[in-house]
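Hi everyone, thanks for coming. I have one structure to walk you through today, so let me put it up on the screen.

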Amino acid sequence: MAPALLNLNSTSVMACASVKETLIDRPQLQEKTRNARVLVLGGTGRVGGSTAVALSKLSPQLQIVVGCRNREKGAAMVDKLGKNSELAEVNIDNVDSLETALRDVDLVVHAAGPFQQSQNCNVLEAAIETKTAYMDVCDDTSYALRAKSLKDRAIAANVPAITTGGIYPGVSNGATMNFFVLHLMAAELVRAARDESKGEPERLR
């Protein structure tokens, strides 16, 4: 992936508040998307739980399936999310369990880390097998490379697949990464450069 280049000037830094306001406006989703079923694996964890909550706020009509191994924690999350959610007990190390859970959803969000210790891409492979759209919040290079090696299989199956939704060094510590966060980081870099008398930055890569 080519590195993102953020051109920054004082106007863009000062526009952080308006960027935040724009980002939290609910997008107008197509009817098919509004009524989609989304399986969030690791749905009781910090990242997965935050993802499920964010999705339910983004579009209350989404049907969110909380995928986890702990029924008690899963039930608590379902209660928090409300009537358009349900629980699915899923073991990501069990192919049959995965494929059963994926056959009834439109999208799977894989947040059941840690990715750093995973030696396989079971969830992505099951998504390809069941023709389910896929994304993960991986922030590990070796896992990302394994996932990307399945590109041809995903294309052949016509399965949209996004990997490496999380990045070092912690921009994605939560369920989402957005331009507001990037603007704040950029503003901090500019402030630090000024404090160190290194001049006025024109670009940040």
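Let's start in the loop between H7 and strand S6 (133–136), where you will find Lys131. The phi angle of Lys131 is near 60°, which is a positive value in a residue other than glycine. Is Lys131 buried or exposed? Its relative accessibility is 58%, and anything over 50% counts as exposed, so Lys131 is exposed. Please keep in mind as we go that this is a predicted model.

Asn158 sits in the loop between helix H9 (151–156) and strand S7 (161–162). Asn158 is not a glycine, and its phi is positive as well, near 60°. With a relative accessible area of 68%, Asn158 is exposed.

Which residues does the cis peptide bond join? The bond is between Gly113 and Pro114, and its omega is about 5°.

Now let's move to helix H7 itself, and to Ala127, which is found in that helix. With a relative accessibility of 0%, Ala127 counts as buried. What does Ala127 touch, leaving out residues up to four places away in sequence? The list is Leu102, Val108, Thr132, Tyr134 and Val159. There is also a pair to look at here: Ala127 and Ala161 are 34 residues apart along the chain, and 8.7 Å separates their C-alpha atoms.

Helix H6 (residues 95–102) packs with H7 at an angle of about 50°, and the two axes are 9 Å apart. That angle makes H6 oblique to H7. The crossing of these two helices is right-handed. Who makes the contact? From H6 we have Leu98, Glu99 and Leu102, and from H7 we have Asn122, Val123, Ala126, Ala127, Glu129 and Thr130. Sorted by class, the contact of H6 with H7 has 5 nonpolar, 2 polar and 2 charged residues.

The axes of helix H4 (residues 46–58) and helix H5 (residues 71–81) come within 10 Å, crossing at roughly 20°. Angles under 35 degrees count as roughly parallel, so that is how H4 and H5 lie to each other. H4 passes H5 in a right-handed crossing. On the H4 side, the contact is made by Gly49, Ala52, Val53 and Ser56, and on the H5 side by Met77, Lys80 and Leu81. In terms of class, the contact of H4 with H5 has 4 nonpolar, 2 polar and 1 charged residues.

One more residue before we step back. Gln63 has its place in strand S3 (residues 63–68). Is it buried, exposed or partly exposed? The relative accessibility of Gln63 is 29%, so Gln63 counts as partly exposed.

Now for the whole chain. How many helices and strands are there? The chain has 10 helices and 8 strands. Of its 205 residues, 39% are buried. Taking contacts between residues at least 6 apart in sequence, 66% join residues at least 24 apart.

Finally, a word on confidence. The average pLDDT of the chain is 77, and 72% of the residues score at least 70. Which elements have the lowest and the highest mean pLDDT? The lowest belongs to strand S1 (residues 6–7), at 39, and the highest to helix H7 (residues 122–130), at 95.

There are two stretches I'd ask you to treat with care. Over residues 1–24, pLDDT stays under 50, and the model has 29 contacts beyond four places in sequence for them. Over residues 167–180, pLDDT also stays under 50, and there the model has 25 such contacts. Where pLDDT is low, the predicted coordinates should not be read in detail.

How values were computed: Residues are numbered from 1 along each chain as its sequence is written. This is a predicted model: local features need pLDDT of at least 70, side-chain atom pairs count only at pLDDT 80 or more; totals for chains, interfaces and linings use all residues. Side-chain values use heavy atoms; hydrogens and water are left out. Axes are lines fitted to C-alpha atoms, for helices over the stretch in contact, and angles run from 0 to 180 degrees between N-to-C directions. Helices (H or I, at least four residues) and strands (E, at least two) are DSSP runs, numbered from the N terminus. Angles under 35 degrees count as roughly parallel, over 145 as roughly antiparallel, 65 to 115 as roughly perpendicular and the rest as oblique. A crossing is left-handed if the near helix is turned anticlockwise from the far one by less than a right angle, and right-handed if clockwise. Contact means heavy atoms within 4.5 Å. Ala, Val, Leu, Ile, Met, Phe, Trp, Tyr, Cys and Pro count as nonpolar, Asp, Glu, Lys and Arg as charged, and the others, Gly among them, as polar. pLDDT is the predictor's confidence in each residue, from 0 to 100. Buried means under 20% relative accessible area, exposed over 50%, partly exposed in between (1.4 Å probe, protein chains only).
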